[in-house]
Amino acid sequence: MPSSVLLEVPALADFNKAWAELTDWLSRLDREIKSQRVIVGDLDDINDMIIKQKAILQDLEQRRPQLDELITAAQNLKNKTSNQEARTIITDRIEKIQSQWDEVHGHLQNRRQQLHEMLKDSTQWLEAKQEADQVLERAKAKLESWKEISYTVEALKKQNTELKQFSKEIRQWQINVDVANDMALKLLRDYSADDTRKVELMTDNINATWAAINKRVCEREAALESALRMLQQFYLDLEKFLAWLTEAETTANVLQDATHKEKILEDARTVRELMKQWQELQAEIDTHTDIFHNLDENGQKILRSLEGSEDAALLQRRLDNMNLRWSELRKKSLNIRSHLEASTDQWKRLHLSLQELLAWLQLKEDELKQQAPIGGDLPTVQKQNDIHRTFKRELKTKEPVIRSALETVRIFSAEQPAEVLEKVYPEPRELSPEERAHNVTKILQRQADEVRTEWDKLNLQSADWQKKIDDALERLQSLQEAMDELDLKLRQAEVFKGSWQPVGDLLIDSLQDHLEKLKVYRAELVPLKEKVHQVNDLAHRFAPSDIQLSQYNLSCVEDLNTRWKVLQVAIDERIRQLHEAHRDFGPTSQHFLTTSVQGPWERAISPNKVPYYINHETQTTCWDHPKMTELYQSLADLNNVRFSAYRTAMKLRRLQKALCLDLLSLSAACDALDQHNLKQNDQPMDILQIINCLTTIYDRLEQEHNNLVNVPLCVDMCLNWLLNVYDTGRTGRIRVLSFKTGVVSLCKAHLEDKYRYLFKQVASSTGFCDQRRLGLLLHDSIQIPRQLGEVASFGGSNIEPSVRSCFQFANNKPEIEAALFLDWMRLEPQSMVWLPVLHRVAAAETAKHQAKCNICKECPIIGFRYRSLKHFNYDICQSCFFSGRVAKGHKMHYPMVEYCTPTTSGEDVRDFAKVLKNKFRTKRYFAKHPRMVALKPASSPQLSHDDTHSRIEHYASRLAEMENTNGSYLNDSISPNESIDDEHLLIQHYCQSLNQESPLSQPRSPAQILISLESEERGELERILADLEEENRNLQAEYDRLKQQHDHKGLSPLPSPPEMMPVSPQSPRDAELIAEAKLLRQHKGRLEARMQILEDHNKQLESQLHRLRQLLEQPQADAKVNGTTLSSPSTSLQRSDSSQPMLLRVVGSQTSETMGEDELLSPPQDTSTGLEEVMEQLNNSFPSSRGHNVGSLFHMAGDLGRAMETLVTVMTDDKVLE
């Protein structure tokens, strides 16, 4: 909004602020509504969200009065202003916020309706899913009840009937699955913006299970059909094979008979014809070999199905007959071949046959070697096993041929001569037939032995290879089963991991629940870890020298290990993220405080949890919240308040309202402290404990004052203030007592209730408090004005004088009770005077006085009202009074009375009487009897030295001792402001002198500090004494002059007090002398009382100086001086103190009636006196010695000067009266 419009219509600023706050709240609410996601299909989650939406809607409705008030205020502003631009802006903003309100309300209603529909649809889907799950369970149970296929007609028909019935049920159950799928598709389609992974996962599982069931049914149906066809075809094939077998046997018998006819083998043509017929027969036998094996295998299956029945025995006989006839047929074929081959040169045929067998054996041995090595995976080894089964079948088929050939060789060898003598001829010659036969026999025998050896060797190798295959199959089967089981478990875990929502999308309240569930799930995965170890152990048993695992198996094992590690890492990372989210965003986190600042500021957290703030525009960081910085800057506007107690109280009041602690009752604060069990006051509190307690406090305040409390901002600001007061070094810890003191001091409660509560915190279980405990309380309390740079006005940081004052008030008892503490606090001691003034400032804020300020003309007066007791109908507002403005004819030293609440008629009458009395008093009377004297604040020196605070606190402690010694100034007839004034002027003078000194000349030790103080006091004392001596000479001269006038008029000299006699009242001159003597005697009595007070004060100063000297004698020269640490203040404290002017304490008398008028009306105590006697007694009243130390001389000299000034004033007034 343009600044010109704001200047013209000031009320627009408040309207803009309220409009911006409501707009921001609606925007945050809209973002929250849009960001809220629920798990579709989870009824508990949906119900929880419905409850939250209902609460949000109620919150929105509770805010409607705020909208109505804003609209009403806008209408009033439009009616009051004539600025068209302002009216347009107001109209636009009201339309915009109404539109935004309606939009947010519509979103809430739509979302609520959507959640109810989602709840209904999810309920229907869950019911449909439950029915589908029941159907699936029934189907699984049916599948598990299936028996192995039986190869009988009746059994096959029965199984086929059962399968058809089951298929019919499957088609009926398909409806349930389809209904569940349709409901799931509806949820996925209608609520895609929410989390639908649960619905997707469950639907996929249902469909996968249903597909597996259908597949099993189809496979079963195909197997039954195949078994039925095989059963029907088996007997046909068996009959056909037996018929062929009969024909083959007939052919074999014919050939066998033909080969055994005499001389038929001598005919080569006939032999060739018979050999051709045999080859044809052998070809048919080879062709029917597979048919025979299939019939035999199928027959064995049927036998197992028919076990124990007559059909089984019949079939067994037929199979045995078939096997026997088959074997006989093969033997006949071999015999026929052997007989036909014997028709030629038998040894040649045997030789060729043996060579063929050797070649075949060598070929098979090569084939067996080629099957090695053992495969590294189950399919490869199963294939090798199938190949070797075929190989063994070939061996079994070849075995009769080999046996027949070897038998033939044996028979051939037996028919040869048993022994042929070998003769050695020197020359070669023709071999005889016997010798040739012997050589042939030897050749055949050697070949037969070689065939037998190779045959046995091949059988051993085959058996060994089969053993290796069986062992590999068993081991690989175990590995495969373990890997499959582990893979299934990992897939289930990965599906669960896939269902995880991003941590950022989780609700803050559910973080702990997710964390606990994930930890439970991690514990459930311990058996899975054992599975991983089992798989690795099985894989490591396959040594490269034994069985080399295939690359596929190695990849599977590595993949399983990788998936397991990824799953572990994902779970650990998820737990870490949840821990961090719970730490940063959970109930004990500071996340909700990030909204306390706006761009370009960002709230960050140091390692010890202390917050700090980053300005991204200037690239700078600071400890103070931006709003706190603005608040401190605004407090500088109050520095023009002349009186430090009011200045401090007004700063604290502004701070109190900014922190919303003015809304906090003492009972609510106590409840929050008890709720967090903050009972050990000496225990430290960390940042999270402070935030949790403050959050409890402000949450309750928000419930009571919804429109006034911004919880994150208030918590952050209050935390910032507490750290500035009690943890300037930002260690991240403050004591529980400090926390309680800070919060209770600024809360809304009666003053004495606060005193009682604070005293209770430091009192023992018996209800008494010693000096140490009271010192802790006062130390924590004085830190509050100290943080505002006002500590010097309240006695400094040294609380020892205040503690001593309290116990002196209690007659130096070792412990005090609550009643004595309250009585002492009612006197408003210097270190705690800011707290009751704060209460008066708070009470005066809303006070409206029906009077007009005579200076600024404000009517009515809001706040404090100051009524003159000198002039009728003369009032001053607090702004004019605090700034020192006066009207013509009225002086600041005139008596005034302060009102923080509207006056009553009784007070008006009383003040009228006082004004009437004061009308008859002279100006000199008011100059002598000031009613309210306020010292103007000295400008703050630019402190650049580390021990400046210590020096000021040293002076302040002396002021506190003076206050404690003198008691309350409220009832003194003579104001002590003159002596206080001197002290303040000295402090101001000393602070200003610090600016002129170089840093190198500054004292660094307590001894140097004391020397510096004494040297300055000595010089000041000498100047004051010189002035007093001069003034004393003037007084003596004046006395001599008055005496001469007295003698010149012929009056007798004034006798000494013992010689005084009553004077005749008939003489006017004697009456005047009596009146003069009366006044002098009254002044003498007051001076004597004052001197007694000053002597007591002198004793206190001497004891103070004695303690300082004792400290100087200690070896730790840098420890503490008078209880004030000389260490350098922290950076943040320097920044805070230097940014505020150093303001001195306001000292004023009570604005009610004083004793001066009563003294004037009191009867004379003596009838005659003399001026000489008064002077003599006045001189005798002061000690002749200058004291034992510089401090006592300083104060005694000051008091002497003021006493002389009073005497001169009296004498001068008397002269005027004459």
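## Coiled-coil span, cores and local backbone features

The end C-alpha atoms of residues 462–496 lie 50 Å apart, and this span is 100% helix and 0% strand, where helices (H or I, at least four residues) and strands (E, at least two) are DSSP runs numbered from the N terminus. The structure is a predicted model, in which local features need pLDDT of at least 70 and side-chain atom pairs count only at pLDDT 80 or more, while totals for chains, interfaces and linings use all residues. Residues are numbered from 1 along each chain as its sequence is written, and side-chain values use heavy atoms, with hydrogens and water left out.

According to an unreviewed UniProt entry, the feature "coiled-coil region" falls at residues 43–87, 129–176 and 462–496; such annotations may be inferred rather than shown by experiment, and their feature names are shortened. The unreviewed entry in UniProt also assigns "domain: WW" to residues 595–628, a span that is 9% helix and 38% strand, with its end C-alpha atoms 15 Å apart.

The largest nonpolar core has 104 residues, of which Tyr698, Trp721 and Phe739 touch the most other members. Helix H21 (residues 711–726) gives the most to this core, with 11 residues. A nonpolar core is here a set of buried Ala, Val, Leu, Ile, Met, Phe, Trp, Tyr and Cys residues joined through side-chain atoms within 4.5 Å, and buried means under 20% relative accessible area, exposed over 50% and partly exposed in between (1.4 Å probe, protein chains only). Not counting residues up to four places away in sequence, the contacts of Phe739 (heavy atoms within 4.5 Å) include Leu673, Leu678, Met685 and Ile690. A second, separate core of 60 residues includes Val381, Val409, Leu444 and Met483.

Three strands form an open antiparallel sheet in the order E9-E8-E10, two strands being paired if DSSP finds at least two bridges between them. Its edge strands, each pairing on one side only, are E9 (875–877) and E10 (896–899). Strand E8 (residues 865–868) is joined to E10 by 4 bridges, and Arg865 has Tyr899 as its bridge partner in E10.

A search of the whole structure finds 21 aromatic pairs. Rings of Phe, Tyr and Trp (its six-membered ring) pair if their centres lie within 6.5 Å, and planes under 30 degrees apart count as stacked, over 60 as edge-to-face and the rest as tilted. Tyr646 and Phe882 form a tilted pair, 5.1 Å centre to centre and with 40 degrees between the planes. Tyr646 lies in helix H18 (residues 644–658) and Phe882 in helix H28 (residues 878–883), so the pair ties together parts that are 236 residues apart in sequence. Tyr646 is buried at 13% relative accessibility, and Phe882 is buried at 4%. One aromatic cluster is formed by Phe643, Tyr646, Phe864, Tyr866, Phe881 and Phe882.

Most residues other than glycine have a negative phi, and most peptide bonds are trans.

| Residue | Phi | Relative accessible area |
|---|---|---|
| Gln619 | near 55 degrees | 64%, exposed |
| Arg730 | near 55 degrees | 4%, buried |

Gln619 is found in the loop between strand E2 (611–615) and strand E3 (620–622), whereas Arg730 lies in the loop between H21 and strand E5 (733–735). A cis peptide bond joins Ala372 and Pro373, with omega about 0 degrees, and Pro373 lies in the loop between helix H11 (346–371) and helix H12 (378–415). The bond from Gly599 to Pro600 is also cis, with omega near 5 degrees.
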